[in-house]
Amino acid sequence: MKLTKSDRVLLLLLALALGSFALYSATRPDRYASSPESLSSDQNDTIFEASTDTLTTPEGKGLRAHKKGFLTTDRYPGPPQWMTEQKASVKLSKGQTLDLNTADTLDLVKVPGIGPSFSRRIWKYRCMLGGFYAKEQLQEVYGMDRERYEGIAPYFTVGSAPRSIFLSPDSIGRHPYLSFRQRDALLRLIQKGDSLTWPLLMKSGSFTRDDSLRLSPYLPIR
C-alpha cells in the first residue's frame with residue numbers, strides 16, 4: 001500500500017515521540033529502587049517513610065523511632081536524643097531557681113526565654129570559665145542582650161565556687177579573662193619564684209583593678 005505524504009509525516013512524528021519517551025525513561029533518576037530486591041545486598045540504608053514518624057529498613061525490619069526527616073544507616077544511628085527531643089520542656093515558675101554552676105543543658109531549657117541553642121551556649125561558656133561567680137556574667141554569653149538577661153536572671157543563683165585557673169612554673173591554664181600578655185606576665189613571676197599578690201600583678205603593668213575584680217574568684221592569690 002502506497003503511503004501518502006501526510007501518512008509519512010504522522011509516522012515520523014510517532015517515531016520521534018517514542019524515541020523521546022525511551023530516552024527519558026533511560027535517564028530518569030529514580031529516588032529509590034522500586035522494590036527491596038533491587039537494592040544491593042550490602043546496601044543497608046534506612047529509608048524514611050514520609051507518612052509516619054518511623055524509619056524502616058528496606059527489608060521492612062528494625063523500625064526505629066526518630067525525628068521525622070532523618071535517614072540512618074548501620075554506621076550512623078542518627079543524632080543524639082536530646083537533639084531530636086520534641087516534647088516541650090516544663091518551664092520553671094516564678095520563684096523557682098537553678099544553680100548556675102550545676103544545671104545541665106536539660107535544666108537550662110526549663111528557664112523561660114532559654115531554648116536548646118542558648119542552653120548549650122551557657123553550658124559551653126561555663127566550661128570555659130570554670131564556673132560562674134556571679135549571674136551577671138551571663139551577659140557575656142554570645143547573643144545575650146539586656147532584655148533576655150533581665151528576663152532569665154531571676155531564675156538563677158550561684159551556689160558553688162568556680163574552678164581556679166591552673167598555675168605552674170611550666171604553664172598557665174587558658175581562661176577567657178586572661179590575655180596572652182597576662183599569661184606571660186604570670187608565668188614570668190612564677191618562674192622567678194615571686195609570691196603572687198594583686199599589688200605585684202598590677203605593678204607589672206599587665207593587670208588593672210578591673211582585672212583583679214574579674215579574676216580574683218579564679219586566681220588563688222591575695
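A: Let us start with burial: a residue counts as buried when its relative accessible area is under 20%, and as exposed when that value is over 50%. The model shown here is predicted, and of the 222 residues of its chain, 31% count as buried.

Q: Which residues of helix 6 are buried?

A: The buried residues of helix 6 are Gln182, Arg183, Ala185, Leu186, Leu187, Leu189 and Ile190, and what covers them includes helix 7 (198-203) and helix 8 (209-215). The helix itself has 13 residues and reaches 18 Å from its first C-alpha to its last, close to the 18 Å expected at 1.5 Å a residue. Just after helix 6, Gly193 takes a positive phi of about 85 degrees.

Q: Is Gln182 to be read as buried or exposed, and what is Gln182 in contact with beyond its neighbours within four places in sequence?

A: Gln182 has a relative accessible area of 6%, so it counts as buried. Once its neighbours within four places in sequence are left aside, Gln182 is in contact with Tyr177, Ser206, Phe207 and Asp211.

Q: Where does the surface carry a nonpolar patch, and which residues form that patch?

A: Leu10, Leu12, Leu13 and Leu16 form a nonpolar patch on the surface, with about 420 Å² of accessible area together. One of these residues, Leu10, is found in helix 1 (residues 5-27), and Leu10 is exposed, with a relative accessible area of 55%.

Q: How many aromatic pairs does the structure hold, and what describes such a pair?

A: A pair of aromatic rings is described by the distance of the centres and the angle of the planes. The structure holds 4 aromatic pairs; among them, Tyr125 and Phe132 form a tilted pair, at 6.3 Å centre to centre and with 55 degrees between the planes. Tyr125 is buried at a relative accessible area of 13%, and Phe132 counts as buried at 0%.

Q: Why is the pair of Tyr133 and Tyr218 called edge-to-face?

A: The ring centres of Tyr133 and Tyr218 are 5.9 Å apart and their planes stand at 70 degrees, so the pair is edge-to-face. Because Tyr133 lies in the loop between helix 4 (116-129) and helix 5 (146-152) while Tyr218 lies in the segment after helix 8, the pair ties together parts that are 85 residues apart in sequence. Tyr133 counts as partly exposed at 32% relative accessibility, whereas Tyr218 is buried at 0%. Ring pairs also link Tyr133, Tyr177 and Tyr218 into a cluster.

Key: Residues numbered from 1 in each chain as written. Predicted model: local features only at pLDDT ≥ 70, side-chain atom pairs only at ≥ 80, totals over all residues. Heavy atoms only, no water. Buried < 20%, exposed > 50% of the residue type's maximum accessible area, 1.4 Å probe, protein only. Contact = heavy atoms within 4.5 Å. Patch = residues over 30% accessible without salt bridge, like charges linked within 9 Å, V, L, I, M, F, W, Y side chains within 5 Å. Areas by Shrake-Rupley, 256 points an atom, 1.4 Å probe, with all protein chains shown as cover. Salt bridge = Lys/Arg side-chain N within 4 Å of Asp/Glu carboxyl O. Helix = DSSP H or I, 4+ residues; strand = E, 2+ residues; numbered from the N terminus. Expected span 1.5 Å × (residues − 1). Phe/Tyr/Trp six-rings, centres within 6.5 Å; stacked < 30°, edge-to-face > 60°.
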